[in-house]
Amino acid sequence: MDLTFLTDGFFGHLSYILLIVSSLMRRMFWLRLFVMGSAIAGIIFDWFMIGNVVGAFWQALLVLVNVVQIVLLWTRDHRAKFSDEEKHMIETWLTGGTPGARRLLLDMGRWETLAPGEVLTEEGVRPRFLTYIVSGAAVVTSDGSEVARVAPDHFIGEMSLMGDGLATADVSVSDTARVWQIERNKLDRMKVNQPHLYGLIEAGTALNLRAKVIHGNQRTKQSPTAA
């Protein structure tokens with residue numbers, strides 16, 4: 001079997017192999033690192049083995065662009081600062097991603113202090129915001145009857161991220177609440193254009209929903225059963 005196809009073009013093959021591997025990377029840092037490796041292998045092949053100056057030039061430019069982007073990613077991560085409220089939210093639910101990604105996500109929302117009576121969701125209506133309560137409380141009602149209370153460290157409106165996007169109950173602030181809110185329209189755009197950021201929200205709300213279910217099951221077990 002003639003192996004010259006493999007040996008003579010080793011760096012050419014390596015360049016494409018690394019490019020394919022880069023497409024499998026989920027983190028942007030590693031994706032760019034493998035693209036750089038692919039470009040460097042391509043430079044060696046183009047410049048030293050086949051004398052393709054044009055190819056080597058564009059591969060070098062690709063390396064330069066990715067070096068700049070990696071520096072920007074590193075800088076964004078190391079410059080990311082968070083308030084105590086944001087740190088608590090991150091430690092509780094937004095444990096994935098990089099510091100830079102979390103900073104970008106939180107900046108897309110806004111911090112508000114809401115007075116009692118402020119409506120957060122209406123049953124059967126698409127919520128305007130996904131809301132996270134840091135302090136205070138909210139009350140959940142259905143058909144005019146109170147069915148639950150939402151304590152701090154929980155999202156409100158997360159169920160609307162699934163299915164038809166409509167809220168399943170009325171929720172309003174019961175005690176003055178400090179909240180972080182992000183517009184649903186922003187989340188819709190984020191899901192398409194910035195899936196890595198949407199993934200942080202999706203993972204956080206899923207964990208929160210699981211915690212609510214577990215808490216609800218525990219309350220049911222602790223409730224006395226009628227004879």
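**View 1. Helices H3 (28-49) and H4 (53-79) are among what covers the buried residues of helix H2.** Everything here comes from a predicted model, in which local features need pLDDT of at least 70 and side-chain atom pairs count only at pLDDT 80 or more, while totals for chains, interfaces and linings use all residues. Residues are numbered from 1 along each chain as its sequence is written, and side-chain values use heavy atoms, with hydrogens and water left out. Helices (H or I, at least four residues) and strands (E, at least two) are DSSP runs, numbered from the N terminus. Look for Gly12, Ser15, Leu18 and Ser22, which are buried in H2. Viewed down the helix axis, the buried residues of H2 lie within an arc of 130°, so they line one face. The arc is taken from the directions from the helix axis to the C-beta atoms. Tyr16 and Ile20 are exposed on the face turned away from the buried side of H2. Buried means under 20% relative accessible area, exposed means over 50%, and partly exposed is in between (1.4 Å probe, protein chains only).

**View 2. Ser23 sits in the loop between H2 and H3.** With a relative accessible area of 54%, Ser23 is exposed. Its side chain reaches the backbone oxygen of Ile20 at 2.5 Å. If you look across to Thr113, 90 residues away along the chain, its C-alpha atom is 43 Å from that of Ser23.

**View 3. Phe48 belongs to helix H3.** This residue counts as exposed, at 63% relative accessibility. Met36 is twelve residues from Phe48 along the chain, and their C-alpha atoms are 18 Å apart.

**View 4. In helix H5 (residues 84-92), the buried residues are Glu86, Met89 and Ile90.** They cover an arc of only 100° around the axis, which puts them on the same side of H5.

**View 5. Arg103 lies in helix H6 (residues 99-108).** Its relative accessible area is 16%, so Arg103 is buried. The side chain of Arg103 makes a polar contact with the side chain of Asp107 at 2.8 Å. A polar contact is a pair of N or O atoms within 3.5 Å; within protein, one must be able to donate a hydrogen and the other to accept it, and residues adjacent in sequence count only if both atoms are side-chain atoms. Leaving aside neighbours within four places in sequence, Arg103 is in contact (heavy atoms within 4.5 Å) with Ala80, Lys81, Phe82 and Glu86.

**View 6. Helix H4 gives the most to the lining of the largest pocket, with seven residues.** H3, H4, H6 and helix H8 (195-222) each supply at least two lining residues. Of the 24 residues that line this pocket, Arg26, Arg27, Met28, Thr98 and His196 lie nearest its centre.

Note on methods
On a 1 Å grid over the protein atoms alone, a cavity is a set of points where a 1.4 Å probe fits but cannot get out, and a pocket is an open set with protein on both sides within 12 Å along at least five of seven lines; lining residues have an atom within 4 Å of a point.
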